[in-house]
Amino acid sequence: RLTLAKWLVDKQSPTTARAIVNRVWQAYFGLGLMPTPEEFGTQGEKPTHPELLDWLAVEFVDGGWSFKKLHKLVVTSATYKQSS
């Protein structure tokens, strides 16, 4: 179990952070940055904004995997402040 846990949070394997960030983004905006949130592998579609997804994932990991910081980052963004 420890090996799996270390692999899930390894910076060299960012899939976990990207999936979490995508789900949070999807909760706020209705659509994720990844059109197929359940398939991040090679069979899934490409992200609509890959640089943003990667940047948010890095910020999430560097922020200590803090959901509070991630939510704050999203809700204080210019994108969130735009009217629908």
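Helices, as named in these legends, are DSSP runs of at least four residues, numbered from the N terminus. The model shown is predicted.

**Figure 1. Confidence along the protein chain of the predicted model.** The mean pLDDT of the chain is 89. A score of at least 70 is reached by 96% of the residues. Confidence is lowest in helix α1, residues 2–8, where the mean is 86. It is highest in helix α4, residues 67–75, with a mean of 96.

**Figure 2. E39 in the loop between α2 and α3.** E39 has a relative accessible area of 28%. This value lies between the limits of 20% and 50%, so E39 counts as partly exposed. Apart from neighbours within four places in sequence, E39 is in contact with M34 and G44. Between E39 and L56 there are 17 residues of separation in sequence. In space, the C-alpha atoms of E39 and L56 are 19 Å apart.

**Figure 3. T36 in the loop between α2 (15–29) and α3 (50–62).** T36 is buried, because its relative accessible area is 14% and the cut-off for buried is under 20%. When neighbours within four places in sequence are set aside, T36 is in contact with G44 and E45. For E45, a distance can be given: its backbone nitrogen lies 3.2 Å from a polar atom of the T36 side chain.

**Figure 4. R18 in helix α2.** With a relative accessible area of 19%, R18 is buried, since buried means under 20%. Residues up to four places away in sequence are not counted in the following list. R18 touches F40, P47, L53, D54 and A57. A further pair in this view is R18 and W7, which are 11 residues apart along the chain. The C-alpha atoms of R18 and W7 are separated by 14 Å.

**Figure 5. The crossing of helices α3 and α4.** Two packed helices are described by the angle between their axes and the distance between the axes. Here the axes of α3 and α4 come within 9 Å and cross at roughly 140 degrees. The crossing is right-handed. On the α3 side, W55, L56, E59 and F60 take part in the contact. These residues meet F67, L70 and L73 of α4. Sorted by class, the contact of α3 with α4 has 6 nonpolar residues, 1 charged residue and no polar residues.

**Figure 6. W65 in the loop between α3 and α4.** W65 has a phi angle near 60 degrees. That is a positive value in a residue other than glycine. The relative accessible area of W65 is 24%. Buried residues are under 20% and exposed ones over 50%, so W65 is partly exposed.

Conventions
Residues are numbered from 1 along each chain as its sequence is written. This is a predicted model: local features need pLDDT of at least 70, side-chain atom pairs count only at pLDDT 80 or more; totals for chains, interfaces and linings use all residues. Side-chain values use heavy atoms; hydrogens and water are left out. pLDDT is the predictor's confidence in each residue, from 0 to 100. Helices (H or I, at least four residues) and strands (E, at least two) are DSSP runs, numbered from the N terminus. Buried means under 20% relative accessible area, exposed over 50%, partly exposed in between (1.4 Å probe, protein chains only). A polar contact is a pair of N or O atoms within 3.5 Å; within protein, one must be able to donate a hydrogen and the other to accept it, and residues adjacent in sequence count only if both atoms are side-chain atoms. Contact means heavy atoms within 4.5 Å. Axes are lines fitted to C-alpha atoms, for helices over the stretch in contact, and angles run from 0 to 180 degrees between N-to-C directions. A crossing is left-handed if the near helix is turned anticlockwise from the far one by less than a right angle, and right-handed if clockwise. Ala, Val, Leu, Ile, Met, Phe, Trp, Tyr, Cys and Pro count as nonpolar, Asp, Glu, Lys and Arg as charged, and the others, Gly among them, as polar.
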